[in-house]
Amino acid sequence: MSNLNSAHNCAVCPAHNPGNLKKLGINMESSDYVIALAGNPNTGKSTVFNALTGLRQHTGNWPGKTVTRAEGGYEFDNKKYKIIDLPGTYSLLSTSTDEEVARDFILFGQPDVTVIVVDASRLERNLNLVLQVLEITDRAVLCLNLIDEARRHNIEIDVRALSKELGIPVVPAAARQGEGIPELLKMINEVATGKFVCKPHRITAGSKKLNKSVEELSIKISELYPELPNSRWIALRLLEGDQRIIDAVKNGDLGTLRKQNTVSELPEAV
């Protein structure tokens, strides 16, 4: 009975942090889940966004930024979803305003699911961003958009093997034609509600010395913030001198992050 209760709690508890979302300009009063849409430029991310939201969308600017924010909504399985279209970026290393906005939203906003849109015909060049997102969050879905273009170029992708390697659901799609959108909606719902528990791939540091430094710093961060879901990534960013993360440690922003509850009995990535 306790396992069933835990599973129910997982399904209804928000992964996002309402306080930080408010700071980022996101109002969640009429929504159950918040979804971030990330991806490289020219992957059809906006087309995926339009396919998910239809006409239920509007634009504005991020607080204190000139970067445009598009957000919309949809309903699925009697739940209301708010979806935020993040700026298209090749990286989350915060070397530009777009990268900073995207990275900060995934880290501090803690969306219930981050959907990463990639170009299926150019998958390899898109994986850098995918792996960076998976360092920050453990709730993600990969949308293999432009799968029709990949087929046209005789490119075959083993979706099941890719999902197993990355530890997250992978959905082939051709958003312009509506292909794969029903499956994408279903997988977003399963990750958001805890029916699918992701086990994301994490990269190891290059050298033994760096690994040791990351491990030692990660332990100290975990002691200060025991509920932080990505202390290792935070440690890496601190060692690289990421000023935004340094400031977040100093002003206590990291302390507002909450770890999502997971249940070992729930299905894992296959």
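The legends below describe close-up views of a predicted model.

**View 1**
Seven strands form an open sheet in the order β2-β3-β4-β1-β5-β6-β7, and their pairing is mixed. The edges are β2 (57–61) and β7 (170–172), each of which pairs on one side only. From one strand to the next, the twist averages 25°.

**View 1. The pairing of β1 with β4.**
Strand β1 (residues 33–39) and strand β4 (residues 79–85) run parallel and are joined by five bridges. Val34 has Lys82 of β4 as its bridge partner. Gly109 belongs to helix α4 (residues 97–109). Its relative accessible area is 0%, so Gly109 is buried.

**View 2. Helices α5 and α8 on the sheet.**
Helix α5 (residues 123–136) lies across β1, β5 (113–119) and β6 (140–145). The direction of α5 is at about 165° to that of β5. Helix α8 (residues 181–193) lies across β1, β3 (68–76), β4, β5, β6 and β7. The angle between α8 and β6 is about 170°.

**View 3. Asn126 in helix α5.**
Asn126 is a residue of helix α5. Asn126 counts as buried because its relative accessibility is 4%, and buried means under 20%. Leaving out residues up to four places away in sequence, Asn126 touches Asn40, Thr43, Val118 and Asp119.

Leu162, Ser163 and Leu166 are buried in helix α7 (residues 159–166). Viewed down the axis of α7, these buried residues fall within an arc of 100°, so they line one face of the helix. An α-helix has 3.6 residues a turn, so residues three or four places apart point the same way. The buried residues of α7 pack against α5, β6 and β7. Arg160, Lys164 and Glu165, on the other side of α7, are exposed.

**View 4. The two ends of helix α7.**
At the start of α7, a side-chain oxygen of Asp158 comes to within 3.3 Å of the backbone nitrogen of Arg160. Arg160 is also one of the exposed residues of this helix. After α7 comes Gly167, which has a positive phi, near 80°.

**View 5. Leu93 in the loop between β4 and α4.**
Leu93 is placed in the loop that lies between β4 and α4. With a relative accessible area of 41%, Leu93 is partly exposed. The contacts of Leu93, leaving aside neighbours within four places in sequence, are Glu99, Gln132, Arg237 and Asp242. Arg103 is ten residues away from Leu93 along the chain, and the C-alpha atoms of the two are 7.7 Å apart.

**View 6. The crossing of helices α9 and α10.**
Two packed helices are described by the angle between their axes and the distance between the axes. For helix α9 (residues 208–224) and helix α10 (residues 231–239), the axes come within 8 Å and cross at roughly 115°. The crossing of α9 past α10 is right-handed. On the α9 side, the residues making the contact include Leu210, Val214, Leu217 and Ile221, along with Asn211, Ser213, Ser218 and Ser222. On the α10 side, Ile234, Ala235, Leu236, Leu238 and Leu239 take part, as do Ser231 and Arg232.

Leu146 is not a glycine, yet its phi is positive, at about 60°. Leu146 sits in the loop between β6 and α6 (147–152). Its relative accessibility is 22%, so Leu146 counts as partly exposed. Asn154, likewise not a glycine, has a positive phi of about 60°. The loop that holds Asn154 lies between α6 and α7. Asn154 counts as exposed because its relative accessibility is 71%, and exposed means over 50%.

Definitions and conventions. Residues numbered from 1 in each chain as written. Predicted model: local features only at pLDDT ≥ 70, side-chain atom pairs only at ≥ 80, totals over all residues. Heavy atoms only, no water. Pairing = 2+ DSSP bridges. Helix = DSSP H or I, 4+ residues; strand = E, 2+ residues; numbered from the N terminus. Axes fitted to C-alpha atoms, helices over the stretch in contact; angles between N-to-C directions. Contact = heavy atoms within 4.5 Å. Buried < 20%, exposed > 50% of the residue type's maximum accessible area, 1.4 Å probe, protein only. Arc of directions from axis to C-beta. Polar contact = N/O pair within 3.5 Å; in protein donor to acceptor, adjacent residues only side chain to side chain. Left-handed = near helix turned anticlockwise from the far one by under 90°.
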